[in-house]
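Thanks for coming, everyone. Let me put the model up.

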Amino acid sequence: MRIVRGQKVKREVDRLVARALESDPAFARTVCRIVTDIRRSGDAALRKYAERWDGLQKKQPLLVSQAEMQQALNAVEPEFRDALQAAAANIRQFCEWQMPCEFEREIQPGVSVGQIVRAIDSVGCYVPGGRYPLPSSLLMTVIPAQVAGVRRVAVASPRPAPATLAAAAILGIQDFYRIGGAQAIAALAYGTMTIPAVTKIVGPGNKFVTQAKKQVAFDSAIDMLAGPTEVVIVSNGGDPNFIAADLVAQAEHDPDAIAVFITSSSKLASAVSERVREKSRQNSIAKESLLRNGVILVTDSKAEALAMANAMAPEHITVSHEDVAAITNAGSVFVGDYSPQAFGDYACGPNHVLPTGGAARFRGGLSVNDFLKVITVQEVSKSGLERAASVVETLAMTEGLVAHAESVRTRCAHA
């Protein structure tokens, strides 16, 4: 990994932030053509792209049968099945803790207010199936929808591996489609004869998936634009082996992944650089990613290091316990030497679908709240109406909304 010091540190942070936010108009047009084709031609276009890119065989159904999912579950090793169930239990428990509460309270005499919580009607969960099978992403997207009470949960995944199908069987998925890319996002957003449209689309994916989600976002809600993995580690005295291990682990997701270590210790910077070189030697994807986008920033102080980390608003960040309070922008925070970021990817319980490209400046990771609507409720008694009428009438008349004021006066005359 490159080591950057002095005045170049700020420029490097600016470059990384700009890179995360950059867009390609020509690529956007390519994706737009795919999305438009699905909207116009439905299943015919979907099959065309699925056979070309997703490994779909001629006459093979888009919908994966329940028997195929159950067969996959029966075929996987018991150890894997147990691991899936253990991870699923933690994810489910965390989602249950996240559920917002309904309430009703009297905000002033005679005026009751509250909120009710309702699930969205349907959701499409995108599960990547290209470079690696990712059954963990199926758990992370489906379970919060189930806890929220979403009526219909559909899964789209290209070339679904047995491990992914086994996870779907464990969760009782009914609608699993063997499609991927921009064409899958368009099908979920607009619907085809085979695939009913959904209310919201969630889940990570490659640049085609991300761009398609961006283009359909005003027709079908989306969770976020989750791009390539980002990892930032801030430490002045950590174990270089642990630090390097996390950098390499996240870098192996994608050649476009961004891996950054920030420290005020030149000695630790050199040690981590050497360990990263050793640990990535046999991992071609991680090695390519770290050569392209891996960097070690040596700052003048811990305060500067934390400021740089917040400026990047990374997907994953590791800090010491005493520095957690200083983190304002991050998708998920890992605390201390013994909290590998891989634990967050699989088993802790918090979601691994996290904001990238600076989106952690304004939102956190996927949660049960992404599948819910919090609806406000208001009830006013006769006495409450009389008591608060003057407030409403005064504000309405000030804004020139005469009928608003009259709607209150009409009731007061009969209270």
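Is lysine 48 buried, exposed or partly exposed? Lysine 48 is partly exposed, at a relative accessible area of 37%. Keep in mind that this is a predicted model.

Now its partner. Lysine 48 makes a salt bridge with aspartate 37, with the closest N and O atoms 2.8 Å apart. The lysine sits in helix 3, residues 43–53, and the aspartate in helix 2, residues 25–41, so this pair ties together parts 11 residues apart in sequence. Aspartate 37 has 17% relative accessibility. That is under the 20% cut-off, so aspartate 37 counts as buried.

Next pair. Arginine 151 bridges to aspartate 121, and here the closest N and O atoms are 2.9 Å apart. This one links distant parts of the chain, 30 residues apart. Arginine 151 is in the loop between helix 6 and strand 5. Aspartate 121 is in the loop between strand 3 and strand 4. The aspartate is partly exposed, at 39%.

Third pair. Arginine 277 and glutamate 274 form a salt bridge, closest N and O atoms 2.5 Å apart. Both lie in helix 11, residues 266–279. They are three residues apart, which means a separation of about one helical turn. Arginine 277 is partly exposed, with 42% relative accessible area. Glutamate 274 is partly exposed too, at 32%.

There is also a network. Arg2, Glu12 and Arg15 are joined by salt bridges that share partners.

And how many salt bridges does the count come to? The count is 19.

Terms used
Residues numbered from 1 in each chain as written. Predicted model: local features only at pLDDT ≥ 70, side-chain atom pairs only at ≥ 80, totals over all residues. Heavy atoms only, no water. Salt bridge = Lys/Arg side-chain N within 4 Å of Asp/Glu carboxyl O. Helix = DSSP H or I, 4+ residues; strand = E, 2+ residues; numbered from the N terminus. Buried < 20%, exposed > 50% of the residue type's maximum accessible area, 1.4 Å probe, protein only.
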